[in-house]
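Let's go through this one together, a question at a time. Have a look at the picture first.

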Amino acid sequence: MTDAAEEIAEGWGPLDGLPGNPMMWILILGEMLVFAILLAGFSITRALHPAEFAASQAHLHPLLAGLATITLVTSGWLAARALHSVRRGESGRPQLVAAMLIGSGFLILKGIEYGRAFAAGIGIETDTFFTLYFLITGFHALHVVMGIIVLAIVAWQNSAENIETGTAFWHMVDLVWILIFPTLYLLR
């Protein structure tokens, strides 16, 4: 057996104490790094082109994005409640289904926001701000879709470890949005 194989057989080291499957945490760390790079790039570009970014940012709808934030955080809370229920010996499925439905509401709100932008003639090629805006928010929306699929899988395979694993991913999606929202919509 190789040294790496022996280490895996012995455990995951610092990842052993985290809830859920350690492989999910490796994925989460990688995804957080990608989003950190995207947001850092956005922030640097905004610092280099403040007037362009301010003019473009004025076309966004922070109240709609704020409602989307509340929706996503509420969905995360419901996912956490599902885990609490399973740990008490109850089914977490009702909370997971509610989390998926409310998470879908986030996608609907994002679709409304995109529709308003497209109707105003704004697209991914409008300027640098909107190229980065659509890249970051679209990539995040893809993660919301993947998160809903993960929640559906763990609702079907309703064990504490599965729900810990699925909600860890879902909370990463929440956390990333909580960083995206002020960076794109509020900071000037």
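Q: Which residues is threonine 183 in contact with, leaving aside its neighbours within four places in sequence?

A: Contact means heavy atoms within 4.5 Å. Here, threonine 183 touches Leu39, Phe42, Ser43, Arg46 and Gln57, once neighbours within four places in sequence are set aside. Before we go on: this is a predicted model, where local features need pLDDT of at least 70 and side-chain atom pairs count only at pLDDT 80 or more, while totals for chains, interfaces and linings use all residues. Residues are numbered from 1 along each chain as its sequence is written, and side-chain values use heavy atoms, with hydrogens and water left out.

Q: Where is threonine 183 placed, and is threonine 183 buried or exposed?

A: Helices (H or I, at least four residues) are DSSP runs numbered from the N terminus, and threonine 183 belongs to helix 7. Buried means under 20% relative accessible area, exposed over 50%, partly exposed in between (1.4 Å probe, protein chains only). Threonine 183 has 11% relative accessibility, so it counts as buried. Its side chain also reaches the backbone oxygen of leucine 179, at 2.7 Å.

Q: How do helix 4 and helix 7 cross?

A: Axes are lines fitted to C-alpha atoms, for helices over the stretch in contact, and angles run from 0 to 180 degrees between N-to-C directions. For helix 4 (residues 62-87) and helix 7 (residues 160-186), the axes come within 9 Å and cross at roughly 165°. Angles under 35 degrees count as roughly parallel, over 145 as roughly antiparallel, 65 to 115 as roughly perpendicular and the rest as oblique. Helix 4 is therefore roughly antiparallel to helix 7.

Q: Which residue classes make up the contact of helix 4 with helix 7?

A: Ala, Val, Leu, Ile, Met, Phe, Trp, Tyr, Cys and Pro count as nonpolar, Asp, Glu, Lys and Arg as charged, and the others, Gly among them, as polar. This contact has 19 nonpolar, six polar and three charged residues.

Q: What about helix 5 and helix 6: at what angle do they pack?

A: Helix 5 (residues 93-119) and helix 6 pack at about 160°, axes 10 Å apart, so they are roughly antiparallel. Their contact divides into 19 nonpolar, five polar and three charged residues.

Q: And at what angle do helix 3 and helix 6 pack?

A: Helix 3 (residues 50-57) meets helix 6 (residues 128-156) at about 60°, with axes 8 Å apart, so this pair is oblique. Helix 3 brings Glu52, Phe53, Ser56 and Gln57, and helix 6 brings Thr128, Phe129, Phe130 and Leu132.

Terms used
Helices (H or I, at least four residues) and strands (E, at least two) are DSSP runs, numbered from the N terminus. A polar contact is a pair of N or O atoms within 3.5 Å; within protein, one must be able to donate a hydrogen and the other to accept it, and residues adjacent in sequence count only if both atoms are side-chain atoms.
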